[in-house]
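Please read each point with the structure in view.

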Amino acid sequence: MMDKSSVIFGNEMDAKTIAAAEKSKKKYIKKYGDDSQADYKLGFKAIDTLDFIDGSNIVFADKQETFDPKGLIVGNIRMGFGHYRISIAMASCAKALGYKPYWLDLASFDATGSKMIREQNDMYSLASRISQKSKLFNKLVWEPLNCEGFKKITYNAKDQKNSELLVPIFKNIPKDMPYIATHVWPSQAAIHAGMTNVVNAIPDNWPMGLHLSEGAMHTVQTPFAYFGYKTLNGFAKTPLKGIPEDQLKMVGCFIDHELLVNLEEDNKLRKERAQKDKPMRILMTVGGAGAGYDMYLAMIKHLIPYVNSGKVALIINFGDHKTVYEKLQKDIGDMKTTNFFNEYAKLKDFAKEIRKKDVNGIYAIYNENLFEAVYSTNLLMPVSDMLVTKPSELAYYPIPKVFMRHIGGHEVYGAINGREIGDSTPECPTEETINAMFDKLLEDKELFCHLCDRIDELKKQGHYDGAYECVKLATKKK
């Protein structure tokens with residue numbers, strides 16, 4: 001296993017950084033055990049929710065099963081829904097291009113490296129929740145860490161060393177198998193394991209040392225991100241050598257095949273609903289970290305009169321977080337009339353039924369199954385008119401977007417990108433500004449139709465083809 005903590009893209013790390021990286025890895029070995037000599041056999045389980053892409057989940061098994069010769073692995077972790085959502089896009093486009101997608105969630109195994117990921121993810125989630133409750137913590141700790149702390153190239157050294165703990169999981173994966181990682185740890189782990197066709201799909205617009213995985217093809221969605229990684233500008237106090245061209249490509253946004261094939265028709269129907277004063281479908285994705293709860297509460301209260309007057313249909317995906325739904329039910333008495341979906345099959349039927357007919361009221365979506373919880377938003381995007389989201393992974397999806405307040409400084413640049421290319425509103429940082437934005441979009445139909453037209457223009461330019469391009473890079477297909 002080649003050390004990648006001491007020198008990163010030709011930039012030497014200082015002794016203190018290297019020692020801290022070694023110490024971090026040893027800490028996890030002491031806590032969770034050394035499984036470096038383990039021989040983990042791998043098997044496959046069908047992902048029923050994603051049956052349309054014939055995806056298989058990689059799991060530990062009693063004996064080693066054989067990978068499909070046309071297989072492509074999507075390496076990921078669950079950190080919120082974001083990295084899972086991007087992974088589904090990669091699997092979708094792999095299937096569309098003739099490959100068999102395999103799903104490798106490195107946080108899901110009973111292995112040392114997986115336990116390391118789960119611990120770090122728990123810490124990240126806790127800090128995110130605290131940041132929403134404490135303005136002081138957010139200002140002094142969370143915002144600087146997400147924007148500047150993770151940007152430092154020295155941060156990459158510790159991650160590179162920790163990701164060595166994931167190598168045993170890869171022992172029985174063919175080294176030349178096409179592989180796309182939607183988080184940097186699965187990318188680093190694959191490179192440490194000797195895999196040769198690794199794509200590191202970078203999810204954010206703000207360049208950070210956190211996302212570096214030397215040896216992989218780094219794919220970015222925007223020109224701003226490309227420039228940042230090409231130069232590594234601001235990653236250290238002194239100028240650095242950047243990522244060479246053979247390890248960096250700007251490919252466009254990471255979007256599912258299913259969301260692109262009928263996009264022009266989706267936008268046509270959106271504009272027709274607006275022009276004919278039909279109820280406008282507003283889709284919200286709430287999640288469960290508690291991030292932005294007060295803003296969701298204020299938005300829903302503001303939109304209820306629009307719902308009651310037949311101008312808006314409100315669709316809220318709570319993911320797998322029923323407690324958030326129950327809390328909103330308690331805090332908003334008017335939500336007693338909510339139509340509640342907790343059966344995925346019925347939700348799929350609902351999404352088909354409302355494609356060309358009116359929909360009224362408030363709809364709450366909840367699924368215990370993680371894949372169902374994530375993909376419910378995908379099912380609803382084509383038949384919704386606006387998506388309300390923080391400017392994270394959904395900032396790049398082809399639907400008119402209303403950006404609420406960011407969580408973590410790196411998300412600011414997702415909102416800036418959406419605003420500049422013209423398929424989104426600017427970030428609305430307060431309850432007052434986002435509710436005023438709703439009023440404007442619901443009143444000014446020309447403005448809403450402009451967003452739809454801009455999405456059509458961007459599609460023609462290949463702006464949303466990033467997932468297809470990642471598949472082509474991983475499989476060496478031009």
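1. Phenylalanine 350 and tyrosine 363 are both buried. The model discussed here is a predicted one. These two residues form an aromatic pair with a distance of 4.8 Å centre to centre and 35° between the planes, an arrangement classed as tilted. Phenylalanine 350 belongs to helix α12 (residues 344-353) and tyrosine 363 to strand β14 (residues 361-365), so the pair ties together parts that are 13 residues apart in sequence.

2. In total, the structure holds 22 aromatic pairs. Another of them joins tyrosine 229 and phenylalanine 235: the ring centres are 6.1 Å apart and the planes stand at 70°, so this pair is edge-to-face. Tyrosine 229 and phenylalanine 235 are both buried. Ring pairs also connect Phe318, Tyr325, Phe340 and Tyr366, and these residues form a cluster.

3. Is leucine 314 buried or exposed? Its relative accessible area is 0%, so leucine 314 is buried; the cut-off for that class is under 20%. When residues up to four places away in sequence are not counted, leucine 314 touches Ile282, Met284, Ile300, Leu303, Val307, Gly361, Ile362 and Tyr363. Tyr363, one of these partners, is also the tyrosine of the tilted pair in the opening point. As for lysine 460, it is 146 residues from leucine 314 in sequence, and the C-alpha atoms of the two are 30 Å apart in space.

4. Helix α2 (residues 82-96) packs with helix α17 (residues 466-474) at an angle of about 65°, and the axes of the two helices are 8 Å apart. This angle makes α2 roughly perpendicular to α17. Their crossing is right-handed. From α2, the contact draws on Ala89, Met90, Cys93, Ala94 and Ala96, while α17 supplies Ala467, Tyr468, Cys470 and Val471. What classes of residue make up the contact of α2 with α17? Nine are nonpolar, with no polar and no charged residues.

5. The crossing of α1 and α5 is right-handed. On the α1 side the contact involves Thr17, Ala20, Ala21, Glu22, Ser24, Lys25 and Tyr28; these meet Thr154, Ala157, Lys158, Lys161 and Asn162 in α5. By class, this contact of α1 with α5 is made up of four nonpolar, four polar and four charged residues.

6. With a relative accessible area of 1%, isoleucine 8 is buried. Which residues are in contact with isoleucine 8, leaving aside its neighbours within four places in sequence? They are Met13, Ile153, Asn156, Ala157, Leu212 and Glu214. Among them, Ala157 also takes part in the meeting of α1 and α5. Along the chain, isoleucine 8 and lysine 440 are 432 residues apart, and a distance of 48 Å separates their C-alpha atoms.

Conventions
Residues are numbered from 1 along each chain as its sequence is written. This is a predicted model: local features need pLDDT of at least 70, side-chain atom pairs count only at pLDDT 80 or more; totals for chains, interfaces and linings use all residues. Side-chain values use heavy atoms; hydrogens and water are left out. Axes are lines fitted to C-alpha atoms, for helices over the stretch in contact, and angles run from 0 to 180 degrees between N-to-C directions. Helices (H or I, at least four residues) and strands (E, at least two) are DSSP runs, numbered from the N terminus. Angles under 35 degrees count as roughly parallel, over 145 as roughly antiparallel, 65 to 115 as roughly perpendicular and the rest as oblique. A crossing is left-handed if the near helix is turned anticlockwise from the far one by less than a right angle, and right-handed if clockwise. Contact means heavy atoms within 4.5 Å. Ala, Val, Leu, Ile, Met, Phe, Trp, Tyr, Cys and Pro count as nonpolar, Asp, Glu, Lys and Arg as charged, and the others, Gly among them, as polar. Rings of Phe, Tyr and Trp (its six-membered ring) pair if their centres lie within 6.5 Å; planes under 30 degrees apart count as stacked, over 60 as edge-to-face and the rest as tilted. Buried means under 20% relative accessible area, exposed over 50%, partly exposed in between (1.4 Å probe, protein chains only).
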